[in-house]
Protein chains: 2
Amino acid sequence: MRRTKIADILQNGVVGEDFLVKGWVRTRRGSKQVNFIALNDGSVIHNLQIVADVEIFGEELLRRATTGASLAVTGKLNASQGAGQNVEMVAEKLEVIGDCDPNEYPLQPKKHSLEFLREKAHLRFRTSTFSAVARVRHAMIFAVHNFFTSKGFVNIHTPIITASDAEGAGEMFQVTTLDLDNVPKTEAGKIDFSRDFFGKATNLTVSGQLEGELAAMGLADIYTFGPTFRAENSNTTRHLAEFWMIEPEMAFYDLNDNMDLAEEFLKYLIKYALEHCPDDLAFLSSRLMEEEQNKKAEDRSMELLEKLRFVLEDDFVRLTYSEAIEILKNSKPNKKGQFKYTIEGYGADLQSEHERFLVEKHFKKPVVLTDYPKEIKAFYMKLNEDNKTVRAMDVLFPQIGEIIGGSQREENHEKLLARMAEMDIPSEEMWWYLDTRKFGAVPHSGFGLGFERLMLFVTGMGNIRDVIAFPRTPKNAEF
Amino acid sequence: MRRTKIADILQNGVVGEDFLVKGWVRTRRGSKQVNFIALNDGSVIHNLQIVADVEIFGEELLRRATTGASLAVTGKLNASQGAGQNVEMVAEKLEVIGDCDPNEYPLQPKKHSLEFLREKAHLRFRTSTFSAVARVRHAMIFAVHNFFTSKGFVNIHTPIITASDAEGAGEMFQVTTLDLDNVPKTEAGKIDFSRDFFGKATNLTVSGQLEGELAAMGLADIYTFGPTFRAENSNTTRHLAEFWMIEPEMAFYDLNDNMDLAEEFLKYLIKYALEHCPDDLAFLSSRLMEEEQNKKAEDRSMELLEKLRFVLEDDFVRLTYSEAIEILKNSKPNKKGQFKYTIEGYGADLQSEHERFLVEKHFKKPVVLTDYPKEIKAFYMKLNEDNKTVRAMDVLFPQIGEIIGGSQREENHEKLLARMAEMDIPSEEMWWYLDTRKFGAVPHSGFGLGFERLMLFVTGMGNIRDVIAFPRTPKNAEF
């Protein structure tokens, strides 16, 4: 008999039919007559309850069905008498595939802290929380590709190893094959990168945007979806040294087109999660509520599904940075000194507290801010006619603040050169980027979505280390 | 009026209707009365022919519609009189968005060598060949996700920066934030990695398999799709320093299940390409035929579509390595000394020439070889009962030889430890990998598909640098 996945049995299994299931034991309980084994195979959040007659299988065999052990069970699907499930399987054959010593196995059936599970990241896929997160993550990956494919976008794999620095900022990881024990030097005493693998100094990419723009200048609509890196020593719940980014780039799009696409994209992703992951989201929602019990009422976050619908059901409010500054300056928390950073006026860099005030208290809707001061944004953003602001946009969400950052790009060769000079970006090394402003330049726009930020929002998890399989953070590259 | 993509116009455009198109000029020709402009917007291999009346637009404007210039054109769709297209657009409004100086623009309308275009990788998206390759690449990316999603697999983003070496071989890129000019040393004179970002020596991953196995031990069916790296100084048409790999890993799969999945997967991908990219493949096929004209008849490759159908229509032949050795040993080319490496018998490492002989001459079908000598395969492959061979499988294709390599994994803790000791794999650092053999171990299998190898096969391109946007090779990290 071929193995059937538990997800299929729970969805399509007909009572009275025989199946073969394989999975790992979550729990076992029972009496001298009968054992109930909760079996999980990772295909769905729910376990399949196996009913095993002690007389048939013997105590010795059933005692080996400890938490973590792997089993193959053949049996008949029955309507369940017990609470918590509609069907169960009455075992006819039961084999222990792999034992699991309860004295050694760290994931015994009790509540484990997320911190503890991070140290057991190789095993945490077997927990309800992390298998749910992994399945939702997969659904979001697929939804990203689905969305862009349906619109005729081309996915481009931009380079991971690069000799350029897209943002003109951000600390980077060096990539080298030089002997660190004995770094070769030139006669002038400098590091001899001519002897390195690529013949020059190279780093891990911080963004695929610049290369994405090149592709958009021929294919029109492209997106990247790949790993990006920051060597910042930030040990927070929001930062990873290695994280995944989605960066669409569109020829012939102005800032309004860009905002339309970003809003449509985010709503598509969240709708997809609600439609395709109802069981996992229900579990994650109850997990979050339980966690929030320990917080004061005013610190508690929105219920997860309510938060997702909040994004789905409202038009995003669009306003300029300058308008937002006026609102914030005159807001109660600003006047009462309740913001950690008081807003004095134009020029201030908005903090998460300000972004969240706009979204959660003032508008009670997702917000898109545009036209930021050029001083606080990147060199490639299109300068407005006021010569003061750039055609940037930040999409702000409840709780997490900025979820998307983007802009119309400066396509004017002279203006771009001037901005690069102002901001000390070496233009000689970027000849290829500048070329696209010389040869049939077109208005174009794009944005970046940090995939783990999205995952935090969709799953309600509080720590970014818990929405990627094997997080990379300062002093941590385990597994 | 909203812009319509040329792909949509050619597929759904109704003659007599008005459209707005935007794109880049491929060519312009014409008389004193009328100009014909071939416009391309990257959405499809075909250009849209724009018919522009010189009297309406004036010679001065039309002269600016040089190759590479970007245009916005509004006009009416007409049935075309000319050869080569069914419809054309009669321009009513024509605007040059961005000029393109013919004295500077390198992609003038003439035949360019692939080598030349590699140096202009930032512009080559605008050529027919590379836009076709980019679109086929996208189709293959989407097909990969589609295939696995439909089977309930979970895509796992395994780490790029890692402290482990999956294959126990392969030269790796070091990742570091240490000051290369002044590498810190311990008192004992060794490199002080405690002061590096991760507190230890780290590298770029050569494979996501080991981490993928961890995920499969909880989620059952997973796949990775991410960049992998080899710091090998190989300047060939088959090697990249940075390339993308797809690595599924399945709990409860034995080697036969693994072969079934690999065959189904490859056939799905090729069927998808034939169904979704007929125009791009037709172009790439004729490109290949033109290129092959210059070769001697016996060196010419199969016609592209014929080669794709060759895979689709035949069951893959499955045989053991030992059986293949017998066939090769007794083959004409072996006896006549026509192989560069003569096959003496069991133990020989098969070269591309042998793999291709089996596929193209002997069986005339794709071939799967299994049960290789353990000495020439990796430590994690399951040992057969003969204690000599391992449950490995290589899928061999015409022209490129090995396209997939995989195996059933050794799930027995003692046997795995013994193999690691034999092959000098440090087991202490791999405690997490070994743990999955202690806690509910199950038979499991997986394989790896080099995505650019697949792309070479599907597109008929001859050099791996031409199937990825910005290739990374020794001494080359441009763009």
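This is a predicted model: local features need pLDDT of at least 70, side-chain atom pairs count only at pLDDT 80 or more; totals for chains, interfaces and linings use all residues.
View 1. The largest nonpolar core holds 310 residues, and the members that touch the most other members of it are A:Met140 and B:Met140.

**View 2. The rotation axis relating chain A and chain B.** Chain B is superposed on chain A by a rotation of 180 degrees, with 0.0 Å of shift along the axis and an RMSD of 0.0 Å. This is the relation of a two-fold axis. Among the residues of chain B, the one whose C-alpha comes closest to the rotation axis is B:Val175, at 2.4 Å. Both copies use the same surface, in that 100% of the contact residues of chain B recur in chain A.

**View 3. Helix H6 of chain B and the residue that follows.** Helix H6 of chain B spans residues 209-219, and eleven of its eleven residues are buried, so the helix is largely enclosed by the rest of the structure. After H6(B) comes B:Ala220, whose phi is positive, near 75 degrees.

**View 4. Strand S3 of chain B between its pairing partners.** Strand S3 of chain B, residues 48-53, is mostly covered, with five of its six residues buried. Strand S2 of chain B (residues 34-40) pairs with S3(B) in the antiparallel sense over six bridges, and within this part of the view B:Ala52 in S3(B) is the bridge partner of B:Asn35. Strand S5 of chain B (residues 87-98) runs parallel to S3(B) and is joined to it by three bridges, where B:Glu88 in S5(B) is the bridge partner of B:Gln49.

**View 5. Two loop residues with positive phi.** Most residues other than glycine have a negative phi. A:Asn387, which is not a glycine, has a positive phi near 60 degrees, and it lies in the loop between strand S13 (367-373) and strand S14 (389-397) of chain A. B:Asp424 likewise has a positive phi, near 60 degrees, and is placed in the loop between helix H13 (413-422) and helix H14 (431-435) of chain B. With a relative accessible area of 69%, B:Asp424 is exposed.

Key:
Residues are numbered from 1 along each chain as its sequence is written. Chains are lettered from A and ligands numbered from 1 in the order in which they are written. Side-chain values use heavy atoms; hydrogens and water are left out. Buried means under 20% relative accessible area, exposed over 50%, partly exposed in between (1.4 Å probe, protein chains only). Helices (H or I, at least four residues) and strands (E, at least two) are DSSP runs, numbered from the N terminus. A nonpolar core is a set of buried Ala, Val, Leu, Ile, Met, Phe, Trp, Tyr and Cys residues joined through side-chain atoms within 4.5 Å. Copies are superposed by least squares on the C-alpha atoms of residues with pLDDT of at least 70 in both. Contact means heavy atoms within 4.5 Å. Two strands pair if DSSP finds at least two bridges between them.
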